[in-house]
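Here is a friendly walk through one protein model, with the cut-offs given along the way. Please keep the viewer open as you read.

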Amino acid sequence: MNNVLIFMVLLPVAVVKGQQSAVQVPCNSIFGCISHVQCAADEYWTPGAALDGCCPGCVRGLGLEQPGCGINGTACASGLFCAKGDICKLNTTSCLSTRHVSEKVLWKPECDSRGEFQAKQCRGDRLLGRCFCYSATGQRIFGWQWLGKAENMTCACSRLRSDLEAAGRQDVTLHCAADGNFETLQCDGGVCWCADPKTGERWPRVPAVLPSMWKKLPCYNRTLHGEQYLRQCESGYFAQKRLEQKFYIHGHVNVIHNKVVCDYDGTYGIVEFERGIAYCTWRDGTRIEQYQTSSLKAHLMTCNCARDEKIYQAAGMQLELLCEGNGNYATLQDRNGVLFCVDRDGFVVAEGVQPETNCEEYMFG
């Protein structure tokens, strides 16, 4: 007589007689999550909506431009916020807002499994396409690479620096590579270590050291790293911070200082300020003189177009798009009489448009 094996699987009970059970499925449960969730017409996919925050699920909420939010506890769907007039608007700092944008917007940032912006966002084809680093709130930050060379790009360093600065730290000294990964030698928070470029984790069996001993690390290279860890722009930045602190201590609070802006690799940032004028600058601190604007409008400057002219030139190519006077890409472009729209990174988002077209309608954010 054949033996019959009976397998029993004990599942945690979620509800017992209307009360929540003390037994909960942990996030690392072998049962896992349902990979694809179908939501009803009045529901929206939301990470952490099921299994006590472990798994995605469907949540009811008002859609884009729908009125009535905030009334009787009615909430907007994930990725939206309740704006003036009790109307749901896009919250572009949330990646879930990409689920609500107009069909006109052909490119939207990618979200991870938690519904957050992926640190690495790629555009275009493998020839001229590019990948950029993004912050947790969906803003482009330091770090880029040609798409065909971006296989090992993680943007982990740029994302970490962005998160630390958003949390209020003004003394971050992590050094990111041009693609947003970690440089091999790192010093920050009073300690130095040899780092994995993709993750920033310390090399195995190589202990971290005090900053005074950073040259003893096996990843130190005199030719590459020089005699001091901080680079020229960073040294100027911290010197100015010390000067501002001295003025503050002595009661001089209305003294105006020229702002020093550095990139995450320690080179000079995109903008330099002098006498009320903001200039686009290159990595070595030289001005790209023809691109400037009032310092009062500096927050609108990306200098993406101004810098891309130099990037394309270094790659043996010519940038064929027009720049605004402040170094940004002109959103409305003309190619032999045919008008088209480009976004802030210079990628085409709409073709065959009219002169009165508002190109912002075709862009995310």
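## A cross-strand pair and its sheet

Let us start with a pair of residues: Cys-133 stands opposite Ile-141 in β9. Strand β8 (residues 130–134) and β9 run antiparallel and are joined by five bridges. Here strands are DSSP runs of E with at least two residues, helices are runs of H or I with at least four residues, and both are numbered from the N terminus. Two strands count as paired if DSSP finds at least two bridges between them.

This is a predicted model, in which local features need pLDDT of at least 70 and side-chain atom pairs count only at pLDDT 80 or more, while totals for chains, interfaces and linings use all residues. Residues are numbered from 1 along each chain as its sequence is written, and side-chain values use heavy atoms, with hydrogens and water left out.

The open sheet has three strands in the order β7-β8-β9, with antiparallel pairing. β7 (120–123) and β9 (140–146) each have a single partner strand, so one side of each edge strand is left without a neighbour in the sheet. On average, neighbouring strands of this sheet are turned by 25 degrees against each other, direction ignored.

## Helices on the sheet

Helix α1 (residues 156–166) packs on the sheet and touches β8 and β9; its direction makes about 175 degrees with that of β9. Helix α4 (residues 304–314) also packs on the sheet, touching β8 and β9, and its direction makes about 25 degrees with that of β9. For these angles, axes are lines fitted to C-alpha atoms, for helices over the stretch in contact, and values run from 0 to 180 degrees between N-to-C directions. Contact means heavy atoms within 4.5 Å.

Which residues of α1 are buried? They are Cys-157, Ser-158, Arg-159, Arg-161 and Ser-162, where buried means under 20% relative accessible area, exposed over 50% and partly exposed in between (1.4 Å probe, protein chains only). Their cover includes β8, β9 and α3 (232–249). After α1 comes Gly-168, with a positive phi near 110 degrees.

## Two residues compared

His-175 lies in the loop between α1 and β10 (185–188). With a relative accessible area of 1%, His-175 is buried. Not counting residues up to four places away in sequence, His-175 touches a set of residues including Cys-157, Tyr-229, Arg-231, Glu-234 and Asp-265.

Phe-81, found in strand β5 (residues 80–83), is partly exposed at 39% relative accessible area. Leaving aside neighbours within four places in sequence, the contacts of Phe-81 include Cys-76, Ile-87 and Leu-90. The C-alpha atoms of Phe-81 and Cys-69 are separated by 8.6 Å, and the two residues are twelve apart along the chain.

How many of the five residues of strand β16 (residues 338–342) are buried? Four of them are, so β16 is largely enclosed by the rest of the structure. Four bridges join β15 to β16, and the two run antiparallel; the bridge partner of Gln-333 is Phe-340 in β16. Two residues lie between the strands of this hairpin, where Asn-336 takes a positive phi near 55 degrees.

On to the next hairpin. β16 and strand β17 (residues 348–351) run antiparallel and are joined by three bridges, with Val-342 opposite Val-348 in β17. Five residues separate β16 from β17, and Gly-346 in the turn has a positive phi of about 85 degrees.
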